[in-house]
Amino acid sequence: MKKLGVFGTSGFAREVADIADELGYEPFLIAKDETEAAAGPHVWPIVLESDIDQSQETVYALGIGENNIRAKVADRYSGKLNFVNLIHPSATFGKYQLEQIQKREGVIVCAGVRFTSNIVVGSYSIFNLNATIGHDVIVEDFVNIAPGAHVSGNVWIKRGCWLGTGAVINQGNNEKKLSIGAETTIGSGAVVIKDCDGQAVYVGAPARRIK
């Protein structure tokens, strides 16, 4: 059984470890320091980041929800550690879609996620419980799509976006995808019906910019 280290000790890190366990890995959590290691509760073994094994005997995943922190860790270990994709067995995919995702690295797909077809997925993105991703969508690197969020067809979600729990992104069209600008947050339960600026926060139904 191959060991898999999950960066982070939060609830999401434990959920990522659960997926790894389901896939036949032997997971453990990675704490940045002694203080984080001492915080609980902990179901899985914990090691300090300073003690991790950088050989090929262990693979890794990023159990860190915050996009900017996840990006920093990925950058710090680029070319040094092997970050694998973790895809829960209950996720479903349109034709050839799983193969496209497997070409990336560090993607986390949780239980119940649904992908249709012709979707481009970036590396180090998170698709949380029961999210749905429609046809012809582009999801760039380091995006986090929270539980129960729904992305309709022909949408472009740019790098570092966060889609809150239960958010709904309405469809674009073949001529112009509806776009969510880089590093933008879409609040929980928001309904997006038009393009969103980058580095902004949108809430409500229909979604409006508040920051």
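Q: Where in the chain does Asn-118 lie?
A: Asn-118 sits in the loop between strand E7 (114-115) and strand E8 (120-121); strands (E, at least two residues) and helices (H or I, at least four) are DSSP runs numbered from the N terminus. This is a predicted model, in which local features need pLDDT of at least 70 and side-chain atom pairs count only at pLDDT 80 or more, while totals for chains, interfaces and linings use all residues. Residues are numbered from 1 along each chain as its sequence is written, and side-chain values use heavy atoms, leaving out hydrogens and water.

Q: Why is Asn-118 called exposed?
A: Asn-118 has a relative accessible area of 55%, and exposed means over 50% (buried is under 20%, partly exposed in between, with a 1.4 Å probe and protein chains only). So Asn-118 counts as exposed.

Q: How do you know whether Tyr-124 is buried or exposed?
A: The relative accessible area of Tyr-124 is 8%, so Tyr-124 is buried. Tyr-124 lies in the loop between E8 and strand E9 (126-127).

Q: What makes Lys-103 exposed?
A: Its relative accessible area of 67% does, so Lys-103 is exposed. Lys-103 belongs to the loop between helix H4 (97-102) and strand E6 (108-109). The C-alpha atoms of Lys-103 and Asn-85 are 9.1 Å apart, though 18 residues separate the two along the chain.

Q: Which residues does a cis peptide bond join?
A: The bond joins Ala-205 and Pro-206, with omega about 0°. Pro-206 is in the loop between strand E20 (201-203) and strand E21 (208-209). Most peptide bonds are trans.

Q: What is the volume of the largest pocket?
A: It is about 280 Å³. A pocket is an open set of points on a 1 Å grid over the protein atoms alone where a 1.4 Å probe fits, with protein on both sides within 12 Å along at least five of seven lines; lining residues have an atom within 4 Å of a point. Of the 15 lining residues, Gly-8, Lys-32, Glu-36, Ile-64 and Ile-69 are the closest to the centre of the largest pocket.

Q: Which helix gives the largest share of the lining of the largest pocket?
A: Helix H3 (residues 67-76) does, with four residues. H3 also gives the most to the lining of the second largest pocket, with three residues.

Key:
Points joined across faces, edges and corners; volume = space filled by probe spheres on them.
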